[in-house]
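Welcome! Have a look at the fold below, and then let us walk through some of its parts together.

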Amino acid sequence: MARRKKLINNSGIPQHEIEYIAQCILPDIIAFYESEEGQREFQEWKAQREAEAAERKAGRTEIDTRGIFERIYKGSMPAIVSGANSSSQIFYSSYLSTYIERDVKELSDAIDSLKFLRFITAVAARCGQMVNVAEIARDADINQTQAKDWLRILETLGIIFYIHPYSNNLLKRLVKTPKLYFYDTGLVCYLTKWSSAETLESGAMNGAILENYVVAEIRKTYLNCGKEPYMYYYRDKDAKEIDIVLEHDGILNPIEIKKTSNPGTELTKVFHLLDKSSTPRSKGAVLCMKPGLGAIDKDNYIVPIWMI
């Protein structure tokens, strides 16, 4: 016989009191659910969830994992998305040699173009990672002061952005280093020399670039609506990590990003790390390659990446 999963009680209420209350109200809950009114409310709730799902799908075309990586590889520049430029590689080569070099020169005449290209390539190779200025400076053959200054230039030009770690006075042993992301994954793919979406999908950077894509799309969605995204990540000294923590309206929504199409409960176990925060944790989600909306349990949803 399979063992019943032991429930963790973090409420501060003695377990025997919780069990007593549950025994008292469970018959009423079952009776209401089985009643005509209960069934009517359940059907209304179910219809509302289905309508929300349909609204989320409206205007979006369902694509598989390969399609997601095709989108990541091509990038989101208007000239690429519109089809005005059929080759993303040619476009990004021109983009680097004109727009970036021109804009960079306007900010600082003293920058050497070849060194800056090595620098931005070193940065792209570390997308979705915690910023390590020393490693970037070493790979670009510049000093750390230059690397910090040039990172500020990339941020000023709207090429990169940072996600800072979530912090709270009640949460101890948290890292303090931000993670770095590019607004456009097509530029990352060009700089890191991936020859196709197929090789990217099976390559060593597929997880990092997929995370970069999802984080950037969520951030751009907020910004396009005129809202500031209060978006963080969680990582403690034991290397336990939550990819995204969204804070809004006095609650926290934890999110994991995975390439899998069959997410399980093991992916949401880390969400409990937020329970010691003074801000309550609400619903969580796993953004993944599963084609349809779903739920892992009553507190955690499954959201297809193609929908974002």
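Helix 6 and helix 8 (144-156) are among the elements that cover the buried residues of helix 7. Here, helices (H or I, at least four residues) and strands (E, at least two) are DSSP runs, numbered from the N terminus. Keep in mind that this is a predicted model, in which local features need pLDDT of at least 70 and side-chain atom pairs count only at pLDDT 80 or more, while totals for chains, interfaces and linings use all residues. Residues are numbered from 1 along each chain as its sequence is written, and side-chain values use heavy atoms, leaving out hydrogens and water.

- The buried residues of helix 7 are V133, I136, A137 and A140; buried means under 20% relative accessible area, exposed over 50%, and partly exposed in between (1.4 Å probe, protein chains only).
- Seen down the helix axis, these buried residues fall within an arc of 95°, so they line one face of helix 7; the arc is that of the directions from the helix axis to the C-beta atoms.
- Just after helix 7, D141 has a positive phi of about 60°.
- R126 sits in the loop between helix 6 (113-124) and helix 7 (133-140).
- R126 counts as buried because its relative accessibility is 12%.
- Setting aside neighbours within four places in sequence, R126 is in contact (heavy atoms within 4.5 Å) with E135, I136, R138, D139 and L180.

**Strands 1 and 2**

- Strand 1 (residues 160-165) pairs with strand 2 in the antiparallel sense over 4 bridges; two strands pair if DSSP finds at least two bridges between them.
- I163 stands opposite K179 in strand 2.
- Strand 2 (residues 179-182) is covered on both faces: K179 and Y181 are buried on one side, and L180 and F182 are buried on the other.
- In a regular strand, side chains alternate between the two faces of the sheet.
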